Amino acid sequence: MINIKITDVRCDKGDSAFLLDDGKTAILYDTGFGFTGFEVAKNIKNNLGDRPLDYIFLTHSHYDHALGSAYILRHYPDAKVVAGAYAVDIFKRDGAKRTMKELDSKHAEKCGVYDYEFLGDELRVDIPVNDDDIVNAGDMSFEVLYLPGHTRCCVGYFCKEKGLLLSNETLGVYDGKETIVPSYLVSYKDSISSIERVEKLDISYILAPHYGILSKEQSEFFLGNMKKASRKVADDILISLKNGKSDGEIIADFKARYWHGYIKEIYPEDAVNLNTSIMIGLIRKELL
């Protein structure tokens with residue numbers, strides 16, 4: 001990217017945390033898990049030196065994207081957290097924080113981390129945003145895109161000047177090659193509408209969650225195939241349901257098709273099982 005340096009500051013492949021820096025202003029796009037948050041902060045420090053982290057842009061409220069912000073803010077308390085207005089309410093819910101703690105701890109244990117402080121009560125949003133809002137971060141300007149489907153609080157950030165989209169999982173999770181894994185967890189139909197909105201934008205490059213910056217060719221592939229991938233999964237699930245397959249069989253089919261290579265490295269099996277079961281329920285409700 002011309003004039004904007006984008007650095008992968010993740011500590012675990014399942015993290016989603018990338019640093020945007022134009023030399024004057026630094027933005028962290030998503031923050032990863034809680035248990036890796038302090039290490040992500042160290043990676044940011046290694047890149048910025050004594051310069052501040054100015055903004056944290058959150059795409060949605062899930063623990064593997066947002067929980068790390070509480071830890072990073074311990075190191076960078078003056079950073080302004082930007083997130084969808086709906087996320088503000090979620091961060092206040094005790095039930096949501098309990099779920100974050102459970103899921104974060106479960107993955108931490110798989111990574112050999114058993115004892116760390118949970119900072120869910122320190123989650124905050126300094127700049128709640130709505131659809132079509134403009135966030136001016138130094139010389140960088142981003143239009144906020146409300147893109148529900150994966151969650152109700154999903155937003156993307158579009159820098160029109162650079163043709164750069166900071167994407168979210170409503171559009172799918174991309175492995176950088178030929179696999180796009182849909183992940184609509186609140187609405188299949190909303191996901192398609194969100195995808196169709198993004199298709200109309202003049203996008204040159206995409207910063208993809210759990211992957212990083214896509215080349216122009218990768219971005220073109222993603223933009224050209226994200227709707228097809230979402231519809232393919234919905235059609236496959238619908239056919240399987242009509243043929244009397246059980247949810248367990250459908251999940252097994254989904255994993256056989258998608259859960260391999262890079263996707264397997266970033267997508268824990270318990271998460272793929274849970275998320276696929278949710279998608280099955282949505283297709284049963286919306287399309288069957």
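Predicted model: local features only at pLDDT ≥ 70, side-chain atom pairs only at ≥ 80, totals over all residues.
Residues are numbered from 1 along each chain as its sequence is written, and side-chain values use heavy atoms, with hydrogens and water left out.

The chain holds 10 helices and 14 strands, taken as DSSP runs (H or I of at least four residues for helices, E of at least two for strands) and numbered from the N terminus. For 288 residues a compact globule would have a radius of gyration near 19 Å, and the 18 Å of the chain agrees with this; the value is taken over C-alpha atoms, and the globule rule is 2.2 Å times the number of residues to the power 0.38. Of the 288 residues, 55% count as buried, that is, under 20% relative accessible area with a 1.4 Å probe, protein chains only.

Six strands form an open sheet of mixed pairing, in the order 7-8-9-10-13-14, where two strands pair if DSSP finds at least two bridges between them. Strand 7 (134-137) and strand 14 (212-213) each have a single partner strand, so one side of each is left without a neighbour in the sheet. Within the sheet, strand 10 (residues 164-166) and strand 13 (residues 205-208) pair in the parallel sense over three bridges, with L164 opposite Y205 in strand 13. Helix 7 (residues 216-242) packs on the sheet, touching strand 13 and strand 14, contact meaning heavy atoms within 4.5 Å.

Technical notes. Axes fitted to C-alpha atoms, helices over the stretch in contact; angles between N-to-C directions. Buried < 20%, exposed > 50% of the residue type's maximum accessible area, 1.4 Å probe, protein only.
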